[in-house]
Each structure stands twice: as C-alpha cells, then as structure tokens.
Amino acid sequence: MATEQMKTAEHELEMELAGLLDVERFDPPAEFKQGALLSDPAIYEEAEADWKGWWERQARELHWFKEWDQVLDDSNPPFYKWFTGGKLNISYNCLDRHVEAGRGDRIAFHWRGEEGDERDLTYADLLAEVQRFANAMKDLGIRKGDVVGIYLPMIPEVVIAMQACARIGAVHNVVFGGFSPESVRERMVFSDAKALITVDGAARKGKTAAVKQAVDEVMGDLASLEHIIVVRSKGTPCEMKPGRDVFYDEIMAAAAAECPCEEMDAEDPLYVLYTSGSTAKPKGVLHTTGGYLTGVSATHRYVFDLHPETDVYWCMADVGWVTGHSYIVYGPLCNGATSIMYEGAPDYPHKGIWWELVEHYKATIIYTAPTAIRACVKWGAEHPRKFDLSSLRLLGTVGEPINPKAWLWYHKVIGGERCPIVDTWWQTETGAIMITPLPGIVSTKPGSATRPFPGIKAEVVDEREGKPIAEGQGLLVLTRPWPSMLRTLFRDDERFVETYFRRFGKETYLVGDASRRDKDGYYWVIGRIDDVVNVSGHRLSTAEVESAIVAHEAVAEAAVIGQHDEDTGQSICAFVTLQGTQEGSPELEDGIRATVAERIGKFARPKRILWADDLPKTRSGKIMRRLLRDIAEGRALGDVTTLRDPAVMAALESQIRSEEANES
Ligand code: ATP
Ligand code: MG
C-alpha cells in the first residue's frame, strides 16, 4: 500500500515537472528580492563602466597590511598580476579579522561525522587551532614557499591545515580523499612536497579505510617528503616511521599558542590543485593570494546573497575540489559565514541524510552538483519529503550543465518553489564563479547559468577566427583578465599558454567549453568543445540531447557521444540510466527517440541507445564522455586516474562488445 502511494506521488510529481518544462523563465521571488544584498541591475553597468575599479572596490573589503600600487599589471600577457605591491594574509582575513571585531563566538563550522558525531567550531576556536598548527609546522622546519600535501577526509583538520599553510605562506596541494594513494604519491612527487598531512583512518559508509597504512605502501622511498603528519581521527592502527612521521595531536601539544601571520605578497602562491580530468590528464592549476581572495569572497557574498549573521550555508562538495577550496574554505570564512561541514556520503546511513541535516541545522543556502541532484531524483522525492526544508532560501549548483528536469525537481522538491537557483559556471582555472545569476536581480532559465558576474567579460566566438557570435553556438572565451584567474600550470608555463591562450591569442582565455547565447544574452554552456556532435551538418550539443532524453519520465541520467557514421558523418549514441529499477526495452527506446524528436527535432534522435546501470564519472561526479567515446570506437582507454569506479567501464565495455557480436 505504502509503495503504491509512493508510486502515485512520484507519478504526480513527474506530471507536474513535465508541465513546468515549458516555463521559460523564473523571476526572483518578491520576498527574496526585498531582502537581497543586490537587487538593482545597475550594478552590471556600473561594473562594466570601470571594471578595474569594481574589482578594486571588492579588494577593499579585505584587510591589507599594505595597499597595492597597481590594480592590474597586464604588461606580459597571459601572465597577469593583480594588486601588485599589496601585502595581506589570507588566514588573517578569514579568522583574526572576525575575532578582533568581536565575532569570535560565531560558529564557523557545524561539523557532522558520518555516525552522527557533532563538533561546532567557532571562529575563535579555529583561530586558536590554526595558530598552533602553523607553529607545529614551523617547528618541523616548514617555511614560506614550501609545498605541503594534504590528503584528508572531510574533518575540521582539513580546514585547519589549509588555513595554517596560508598563515605561514606554505603552498598547499590538497588531494581529494577519494583518490588512491598512488595518485597522492604522483602529486607529491610532481609538486616536490616537503610534508604530507594525512589521517589514520577515514569513514566510508560504515567502514573505516586504513589511510595511513595505504599511504605507507606507496610513499616509502620518497626522499623529498621529509614529514608525514598523521591526524588520529578514527583510532585506526598505523605504523610510524621514526624521524619522518609524527602525530598531529602530539606536535600540536608541543607547539606555542600564538603565531603571527606572514605578510604575503598579493602574487605569492596559495595553492596548487589538479583539475578533475574530465577531458584530459589533470592539470596542476596554480592560484595566488590577493586576487584569488578578492574573487572568491566577492562571488561568495553576492552569488549566495550571504547574510552572515543569519544564514546557515552548506556547500556539499568535498574540500578536495576547487569548489571546496573556494566555497567551503576561503570564501565563506573570509565573509564570516556559518557553514555546515559533513563527513559522510549522501546515501549513508540513509538516502535522506542531507535533508535530515538541512532540517537539523536549519540550513538556508545549499550548494551542490547536478550529478548529486540526479542521484536524488533517482532515489525518489520520498526521501527529502520526510524532512522540513522550509529554512532554505537559496539553492546553488555547479560542475556540469544541469538538465532542466533536474533543475525543476530541485526547484520544486527541495526549494518548495520559493528559492532561486544559482547555476554557477566556473572552473578550477577560474578560481571563482564566472557566469551565474545574481539571485535578487536575474531571472533564471532552467539549464542556463545566465550571465557573467559583474566585471567578467565572456563571449561566444566562432571556431575558425574567434569572431564574436551575437546569438547562437560557438566556443566560450573570457576576454578580460579577472583577479582569481590561474597564474600558470604548476611548473609548466608552456602547457599553460598552449592550453588556454594559443588558439585566439594571449588576451583571450579559451575555456574549452562550447556555449550558446540566446536572444536575451543568456549563456547556455552545452558541454566540452570535444563533445559537440555533428549529424548531417547539424551541430548538436551533447548537453541538449541529454536533457531531452532525461525529460522522458523513465530516465534518470544520460550521456551522449558522437560516433562515426557512414551516412551522416556522425551519429548519436546515448548511454541511458533508467529511474529506479526499470529495465530497458525496445518500446522505451522508441519512447526516448520520440521525446528527443519532440524537444529538439528528428535529426537529434539517438541512433544507438545503450542501457547503463551507471555511467563512468570522475571522482567529482562528472560524466567522462571521452571514455565512452573510447569504448564505442573500440580504442584503448585514455587516462583513467580520475575515474571513480573502473567496474562501470568494464560492465559497459562487455555490454558493447556482446551487442556488437550479436549485430555481426
Ligand atoms: P579537466 O579540465 O581535467 O578536463 P574539468 O574541466 O571537469 O576537468 P573542473 O575545473 O573541475 O575540471 O570543471 C570545470 C568544467 O566543469 C567547466 O569547464 C564546465 O565544462 C563544467 N561546468 C562547471 N560548472 C558548470 C555549469 N554550471 N554549467 C555547465 N558546465 C559547468
Ligand atoms: Mg577543464
């Protein structure tokens, strides 16, 4: 009976979402607009009229030991420098400043462990821990400019470690906890890391992974790595190598309490971080200090409309990604936000845990990824519906184009139709959000990241000459430097210039994504340059075809690639994951083709449909279409170091091969 009711409820929801699919735009709700930090569209013209002045005003929101001499040094493009001559410290801006202003008692993080353990850290607590750990690192001989690897799960120590590095001017290189120890080793070698901060064990859906032990197996002979600092988190036994390994708590106990901040140059490096590896071998992106903090704090404040006294903000990403760096650690702390930090998975101990935590902490703002939203759609609305989500007032998404159906589900089921959605387009390289709605000003359209953030200039250009296209599809470029831009690829200036500035010159940053601009000037990022499919001369974006497929009521997720085709040049091959436990059938294939024909046109119908229980994704959850192309074309797989689950590829591969055997 209960399942029958649930089925009816799901079906009703499907019908309602289908009805909303044709709504073109959603205006900022009046109530939201009233309380918003920004509600006057004049801000766009104002920033455009004097964009350097706009960024300079944002930089003035920070604390500087010494002001800059020059806002932008563009004498040697594409090696831009921002706020040159300026001196500041990021940790001072994120912690000391708030404590000195009497905000030390404010909660910085409500931390929650997988098994329900809780720990609240105020700004004063964090400052004390960070100072002590900064001293502990100094006691080990770690100095300004040294690279420190961080391989930690989502525990408060990861924030403490990053902030302590920033405090003494060490350059952190965080490796997402889901990566294998081999990847950690590779990244430590590559960046010449002097120390690595890791953990005894990490919680993984009710089990504990012995992290330090696994690290030891690969790190043994690495001479450049002088210290391994081990946080005792789960009490997992591990061996300690004398002279190299120390326990975090022991060096903390021996360290002095006060650690003054290093005065950093605006252009001193802050961190190295690898890209997700969706399209190629990961790139080691280098970010610096003054411009980066200016970019992340301004975007965090205005895109999330942050009211630090009252908001409870939750970025659900892992700190190991740029989203975590910019919007769990640096942006929110700089703005004095109160955040939630959660150690566990979204489906452990149950599939409603995120929503339970929203209710528990009365979260007002959440920020997640389309892949997570699609997983929630697949699990069903009954999970969030068990909890009171009325505290929410703003929702965000990042990481991939969001299919309109997932957007509408988020809007309706999570946002109760009252919360604006900020679909934020940006990259590891851009450091901060680039294309996004300002939620009190810009009307949203499901699937579009809308328009560039004030001060940012984007264009859609044609492939050959790089000439701007007013309306229609082309390559996305950024045509003006911005403060939080990457400065180079770590120790590889050549790949930096080659990857981003060779195609259209040193002043045009090639994003690598294809985009369309509509009649209202809205940007629709529709996938990677390599992901555009050409069927009989029609240039189709994978994202648009995928969204049309996902609009079918039985479909949870889809990935589309172009395959060589004798008649049409390329044809569309779609990998489709169905909702719940449904099974694929020829009727469903026809239904999906009909939906695509209706939403886009007959020419966009997938020629080949493959049922997939799961799609190959990066560890950050993005679909890796390049691997799907590799198996569809029968090639050896490219770089798989960032692939989350190799079993998914194996299953798809054997399915394709058996299907091909049947055909021939
Ligand atoms: P690699 O560069 O190694 O291939 P990656 O590009 O996936 O990996 P990230 O820097 O994490 O690494 O991701 C940035 C990319 O994610 C963007 O270039 C874009 O393709 C996609 N993306 C991010 N946010 C959005 C969004 N809101 N809408 C559409 N696409 C997005
Ligand atoms: Mg990229």
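Student: Between which two elements is Pro349 found?

Tutor: Start with the loop. Pro349 belongs to the loop that runs between strand β17 (339–342) and helix α13 (353–361). Keep in mind that this is a predicted model.

Student: Is the peptide bond from Tyr348 to Pro349 cis or trans?

Tutor: Look at the omega angle. For the bond from Tyr348 to Pro349, omega is near -5 degrees, and the bond is cis. A second case is the bond from Pro77 to Pro78, also cis, with omega near 5 degrees. Pro78 likewise sits in a loop, here between β1 (70–73) and β2 (81–84).

Student: What is the phi value of Arg491?

Tutor: Phi is another backbone angle to read. Arg491 has phi near 50 degrees, which is a positive value in a residue other than glycine. The loop that holds Arg491 lies between β23 (488–489) and α16 (493–501).

Student: At roughly what angle do the axes of helix α3 and helix α4 cross?

Tutor: Read the crossing angle together with the distance between the axes. Helix α3 (residues 42–49) and helix α4 (residues 51–59) have axes that come within 5 Å and cross at roughly 110 degrees. Angles of 65 to 115 degrees count as roughly perpendicular, and α3 and α4 are therefore roughly perpendicular to each other.

Student: Which residues make the contact?

Tutor: On the α3 side they are Ile43, Glu46, Ala47, Glu48 and Ala49, and on the α4 side Trp51, Trp54 and Arg57. By class, this contact of α3 with α4 has five nonpolar, no polar and three charged residues.

Student: How do the axes of α4 and helix α11 cross, and at roughly what angle?

Tutor: The reading is done as before. The axes of α4 and α11 (residues 290–303) come within 9 Å, and they cross at roughly 85 degrees. That makes α4 roughly perpendicular to α11. From α4, Trp54, Trp55, Gln58 and Ala59 meet Thr294, Gly295, Ala298, Arg301 and Tyr302 of α11. The residues of the contact between α4 and α11 divide into five nonpolar, three polar and one charged.

Student: How many residues surround ligand 1, and which are the closest?

Tutor: Begin with the shell, then turn to single atom pairs. Ligand 1 is surrounded by 22 residues, and the closest are Gly277, Ser278, Thr279, Thr428 and Lys622. The shell is made up of six nonpolar, nine polar and seven charged residues.

Student: Which atom of ligand 1 is 2.6 Å from an N or O atom in the side chain of Thr275?

Tutor: An oxygen atom of ligand 1 is at that distance of 2.6 Å from the Thr275 side chain. An oxygen atom of the ligand also lies 2.8 Å from a polar side-chain atom of Asp513. For Gly399 the pair involves the backbone: one of its polar backbone atoms is 3.0 Å from a nitrogen atom of ligand 1.

Student: How much of ligand 1 does the protein bury?

Tutor: Compare the ligand alone with the ligand in place. Taken alone, ligand 1 exposes 630 Å², and the protein buries 95% of that.

Notes:
Residues numbered from 1 in each chain as written. Chains lettered and ligands numbered in written order. Predicted model: local features only at pLDDT ≥ 70, side-chain atom pairs only at ≥ 80, totals over all residues. Heavy atoms only, no water. Near = heavy atom within 4 Å. Polar contact = N/O pair within 3.5 Å; in protein donor to acceptor, adjacent residues only side chain to side chain. Areas by Shrake-Rupley, 256 points an atom, 1.4 Å probe, with all protein chains shown as cover. Nonpolar A, V, L, I, M, F, W, Y, C, P; charged D, E, K, R; others polar. Axes fitted to C-alpha atoms, helices over the stretch in contact; angles between N-to-C directions. Helix = DSSP H or I, 4+ residues; strand = E, 2+ residues; numbered from the N terminus. Parallel < 35°, antiparallel > 145°, perpendicular 65-115°, else oblique. Contact = heavy atoms within 4.5 Å.
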